Amino acid sequence: MKDDGYFILNNGIAIPSVGFGTYLLKEGEETYNAVRNALDSGYRHIDCASTYKNESSVGEAIKYCGIKRNEIFITSKIWNDCETYNDTINAFNKTCNDLQTDYLDLYLIHFPNPLAFRDHYVERNLNLYKAMEDLYKKGKLRAIGVSNCEVHHLEELKSHIEIPIMVDQIEFHPYYFNKDVYAYAKKENIQLEAHSTLGRGRIIEDELLNELAGKYSKTVAQLCGRYALEHGTVALMKSKNIERMKQNLDILDFSISKEDVETLDSLVKKENKIGSWPDKATY
Ligand SMILES: NC(=O)c1ccc[n+]([C@@H]2O[C@H](COP(=O)([O-])OP(=O)(O)OC[C@H]3O[C@@H](n4cnc5c(N)ncnc54)[C@H](OP(=O)(O)O)[C@@H]3O)[C@@H](O)[C@H]2O)c1
């Protein structure tokens, strides 16, 4: 089985189904080398965020990689310090400046309920979304969406926005994903993206995962990436190591049986969530 490596968003834009994550890469040489190696290895989808504080180095890597801008799908995210429409426009301009681009392929509200705005987070999200809609209409964003949203966050936005949400980027791996969000996203035609697809490296030693990966002659990381794809979910994975980044990209030539996907689904438990709960986070 060979898939073409793309999903189509609800506005018709194609998004590469495997993306390179940049969280925890240090600004400077570490980020530059990792992103250059990722692009040289064939990644065409880079997942960034202003809060990762390395977008300048990502921008340098993209500038010198020799690949045309329109062949690379670049995502960034609006951090928790943004509250207003103008904050969002300023954040967008700063990110574009750092990434040395004049548009983004996808822009996301990073977190739906920051501590600082907890008493009026819905209003805050609507301010940010309105700014993204305007940037979208001006052709500065090819797609817009959110991250870490649960069903109620998506519903709170839905009734007030003009342009439908295209993406929700959520924690998604064999130990944890939110099955309600999954069902809602399917119903509403919202593309899910998996972050922490490898459980941030913590699930690589799991015995059952190793056994299943062996059955397909793949590694646990490849099994986890493919697990996201089997759910129609974009797989975002980060590695500093060139061999591991190549390995993580090499997941389009096999599929996991329905039975094995169900076995993996049965491991999903709330207590296994790694990231903060969106309505309880302390940042
Ligand atoms: N929206 C959000 O709130 C949010 C939250 C978290 C992450 N993200 C995005 O999702 C991306 C992926 O998540 P993540 O970086 O948190 O974690 P991840 O990709 O699940 O795991 C990364 C960890 O796994 C290790 N690793 C990578 N490939 C491996 C392989 N083939 N075999 C063994 N170990 C491997 C890495 O170490 P080495 O580098 O040493 O290989 C690193 O320690 C992020 O980079 C970011 O872009 C978004």
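Visitor: How do the residues of the shell around the ligand divide into nonpolar, polar and charged?

Guide: This is a predicted model, in which local features need pLDDT of at least 70, side-chain atom pairs count only at pLDDT 80 or more, and totals for chains, interfaces and linings use all residues. Residues are numbered from 1 along each chain as its sequence is written. Ala, Val, Leu, Ile, Met, Phe, Trp, Tyr, Cys and Pro count as nonpolar, Asp, Glu, Lys and Arg as charged, and the others, Gly among them, as polar. On that basis the shell divides into six nonpolar, 17 polar and five charged residues.

Visitor: Which element gives the most residues to this shell?

Guide: The ligand is surrounded by 28 residues (C-beta atom, placed from the backbone, within 6 Å), the closest being Gly 21, Tyr 23, His 195, Gly 201 and Ala 221. Strand E10 (234–237) and helix H9 (242–249) each supply at least two shell residues; helices (H or I, at least four residues) and strands (E, at least two) are DSSP runs, numbered from the N terminus. With three residues, the element that gives the most is H9.

Visitor: How are helices H7 and H8 oriented to each other?

Guide: The axes of H7 (residues 207–215) and H8 (residues 220–230) come within 8 Å and cross at roughly 85°; axes are lines fitted to C-alpha atoms, for helices over the stretch in contact, and angles run from 0 to 180 degrees between N-to-C directions. Angles under 35 degrees count as roughly parallel, over 145 as roughly antiparallel, 65 to 115 as roughly perpendicular and the rest as oblique. H7 and H8 are therefore roughly perpendicular.

Visitor: Which residues of H8 make the contact with H7?

Guide: Two residues are in contact if their C-beta atoms, placed from the backbone, lie within 7 Å. From H7 come Leu 209, Asn 210, Leu 212 and Ala 213, and from H8 come Val 220, Gln 222 and Leu 223.

Visitor: At what angle do helices H2 and H3 pack, and which residues of H3 meet H2?

Guide: The axes of H2 (residues 55–64) and H3 (residues 85–99) are 6 Å apart, at an angle of about 45°. That makes H2 oblique to H3. Glu 55, Ser 56, Val 58, Gly 59 and Ile 62 of H2 meet, in H3, the residues Thr 95, Asp 98 and Leu 99.

Visitor: Against which elements do the buried residues of H2 pack?

Guide: A residue is buried if 20 or more other C-beta atoms lie within 10 Å of its own, exposed if 12 or fewer, and partly exposed in between, with C-beta atoms placed from the backbone. In H2, the buried residues are Glu 55, Ser 57, Val 58, Gly 59, Ala 61 and Ile 62. They pack against helix H1 (29–41), strand E4 (45–47), strand E5 (73–78) and H3.

Visitor: Is Lys 215 buried or exposed?

Guide: Lys 215 is found in helix H7. Because it has 12 C-beta neighbours inside 10 Å, Lys 215 counts as exposed.
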